[in-house]
Amino acid sequence: MGDAFPELKAQQQLITKVIKEEEDSFLRTLDKGIALLDKAMTEIKANSQQPTANGLVLDGVQAFRLFDTYGFPLDLTELICRENGFTVDEEQFNVEMQKQKERARNAAAVENSDWVTVAGDSVASEQQFVGYDYTEYNCHILRYRKVTQKKNEFYELVLDATPFYGEMGGQVGDCGVLVNENETIDIIDTKRENNQSVHIVKQLPKDPAAEFMACVDTDKRNASAANHTATHLLDYALKQILGDHVEQKGSFVSPDTLRFDFSHFEKVTDEQLREVERMVNDMIRQDIHIDEHRDVPFDEAKKLGAIALFGEKYGDKVRVVRFGPSCEFCGGIHATSTGRIGFFKILSESSVAAGIRRIEATTGKDCEERLYQMEDILKNIKSFFNNAKDLQGVIQKYIDEHDAMKKEIEGFQAQAVERAAQRLVEKARTINGVTVITSVAPMAPAAAKDLAFKIRAAVNGSLLCVIGSHDNNKPQLSIMMSDDMVSDHGLNAGQMVREAAKLIQGGGGGQPHFAQAGGKNVDGLSAAVDKVIELANL
């Protein structure tokens with residue numbers, strides 16, 4: 001296929017790594033889904049007194065949750081269930097699927113009225129976009145219609161000439177006003193439809209046939225343009241630092257947002273991100289002016305050095321935007337020069353899909369504000385340490401002291417748990433040959449678990465230990481039993497703790513010999529401990 005699609009050979013390394021990542025991602029999904037499914041089946045077995053006429057059944061809600069949240073296919077769920085003696089309530093699964101479809105349908109429901117054409121011989125029949133050269137322009141309304149979405153009503157206007165850029169290519173649409181001597185109409189957004197800018201307004205002009213001045217909000221336009229130009233510089237810098245396999249896979253730019261998705265097979269290191277930032281900021285300081293070519297034949301555009309994205313569709317004529325070494329096909333709004341960006345700072349880098357990374361960044365005034373915030377935070381931190389000159393050294397000293405004290409406290413806690421275990425063992429009761437130990441006391445969750453295991457280690461023979469503990473007004477119930485209590489007496493700590501936890505308004509679970517539950521009602525701890533002893537039926 002490489003002869004027909006040369007891009008496959010050029011991107012062979014990336015394709016190989018993406019396929020491997022997809023395989024690893026599916027295996028992670030499989031492991032996570034199987035773990036959740038195993039837990040669900042275990043709980044059903046534990047809570048079922050006896051199977052239904054259809055045997056053990058996994059309800060369709062859980063099956064749909066596995067499918068919808070974790071991407072676990074229904075047929076795989078059914079296969080695993082059959083191997084474990086379960087069936088899946090497919091009818092309930094289909095009900096949940098239909099609910100999801102209805103939610104999606106309602107969210108996307110839009111009612112459009114018919115277009116109303118505005119009369120006037122002087123009005124052109126097709127729209128002229130002048131936004132590359134103007135932010136204000138005289139215009140007339142060609143047509144309008146009413147739109148209802150989620151009980152919200154607004155109007156869409158098409159102008160004969162507009163400086164407003166309609167949302168496209170990841171760049172948000174302009175906002176601004178339509179104004180004349182009689183009224184001012186706010187344009188809250190501009191969308192792209194049928195290759196035209198469609199202007200969104202909350203109310204219609206009193207006289208739709210009147211002449212207006214269309215005025216773009218230049219502050220938001222300039223901020224959005226700066227972010228857009230920054231994505232071009234970022235794309236170029238990523239190719240230089242990471243390699244030619246980098247391709248833009250999506251972007252979103254608004255006055256206060258810069259997000260750029262690109263192909264790469266591993267996490268970008270902090271050192272590489274710093275190199276990218278330095279390269280972008282160097283081009284910003286050079287104040288490179290825009291070199292724009294409009295309505296250029298596609299082949300001629302490629303000769304200029306513009307890179308066509310694989311999978312993208314282009315017309316016979318395209319627009320090319322160049323900032324120094326960065327040259328791209330682009331129909332968006334840009335800064336007149338890179339210096340208008342001001343400054344560029346990467347905020348985060350993450351994975352969004354197999355072989356696709358995402359960078360979020362900021363520019364200009366927002367960078368300045370973030371710098372002030374960081375400066376204020378640093379001043380406040382210094383004030384906590386008497387404005388120490390060597391702040392890093394002082395903080396490291398406090399961390400070391402904290403770690404040392406934490407180890408010391410943990411040692412004291414371990415000794416306290418050891419002493420508590422000895423006291424409880426000494427005060428243990430014996431019921432029908434079973435050592436029964438109960439306690440209700442303030443204790444951290446980790447200490448309660450440690451106490452239960454120390455008691456088990458200290459007691460020879462049959463054991464039933466029930467510990468009610470509370471920490472920061474949060475109750476916890478812990479049950480520990482010897483193995484013979486499970487095998488010979490048929491007890492199950494997981495089942496018992498779920499039943500007793502109702503008295504502390506909570507729930508939990510665990511293994512047959514050890515289980516824990518949390519709750520909300522501290523006052524019910526003593527009753528919950530007594531309930532466990534009652535359920536043991538010694």
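A: A residue counts as buried when its relative accessible area is under 20%. The model is a predicted one. By that cut-off, seven of the eight residues of strand E24, which spans residues 474–481, are buried, so E24 is largely enclosed by the rest of the structure.

The pairing partners of E24 come next. Strand E23 (residues 463–471) pairs with E24 in the antiparallel sense, over eight bridges. These two strands make a hairpin with two residues between them. In the turn, Asn-472 has a positive phi of about 55°. E24 also pairs with strand E26 (residues 514–518), again in the antiparallel sense, and here there are five bridges.

Ser-478 gives a reference point within E24. Opposite Ser-478 stands Ile-467, a residue of the E23 partner strand. In E26, the bridge partner of Ser-478 is Gln-516. As a general point, side chains in a regular strand alternate between the two faces of the sheet.

Elsewhere in the chain, three strands form an open sheet in the order E16-E17-E18, with antiparallel pairing. Its edge strands are E16 (291–297) and E18 (326–329), each of which pairs on one side only. Neighbouring strands of this sheet are turned by 20° against each other on average, with direction ignored. Between E16 and E17 (residues 317–323) there are five bridges, in the antiparallel sense. Asp-291 stands opposite Arg-322 of E17. Helix H6 (residues 218–242) packs on this sheet and touches E17 and E18. The direction of H6 makes about 115° with that of E18.

H10 covers residues 391–426 and H11 covers residues 445–458; they pack at an angle of about 50°, and their axes are 9 Å apart. That angle makes H10 oblique to H11. The crossing of H10 past H11 is right-handed. On the H10 side, the contact includes Ala-414, Val-417, Glu-418 and Leu-424. By class, the contact between H10 and H11 has 10 nonpolar and three charged residues, and no polar ones.

To return to the strand in question, E24 has antiparallel partners in E23 and E26, and seven of its eight residues are buried.

Definitions and conventions
Residues are numbered from 1 along each chain as its sequence is written. This is a predicted model: local features need pLDDT of at least 70, side-chain atom pairs count only at pLDDT 80 or more; totals for chains, interfaces and linings use all residues. Side-chain values use heavy atoms; hydrogens and water are left out. Buried means under 20% relative accessible area, exposed over 50%, partly exposed in between (1.4 Å probe, protein chains only). Helices (H or I, at least four residues) and strands (E, at least two) are DSSP runs, numbered from the N terminus. Two strands pair if DSSP finds at least two bridges between them. Axes are lines fitted to C-alpha atoms, for helices over the stretch in contact, and angles run from 0 to 180 degrees between N-to-C directions. Contact means heavy atoms within 4.5 Å. Angles under 35 degrees count as roughly parallel, over 145 as roughly antiparallel, 65 to 115 as roughly perpendicular and the rest as oblique. A crossing is left-handed if the near helix is turned anticlockwise from the far one by less than a right angle, and right-handed if clockwise. Ala, Val, Leu, Ile, Met, Phe, Trp, Tyr, Cys and Pro count as nonpolar, Asp, Glu, Lys and Arg as charged, and the others, Gly among them, as polar.
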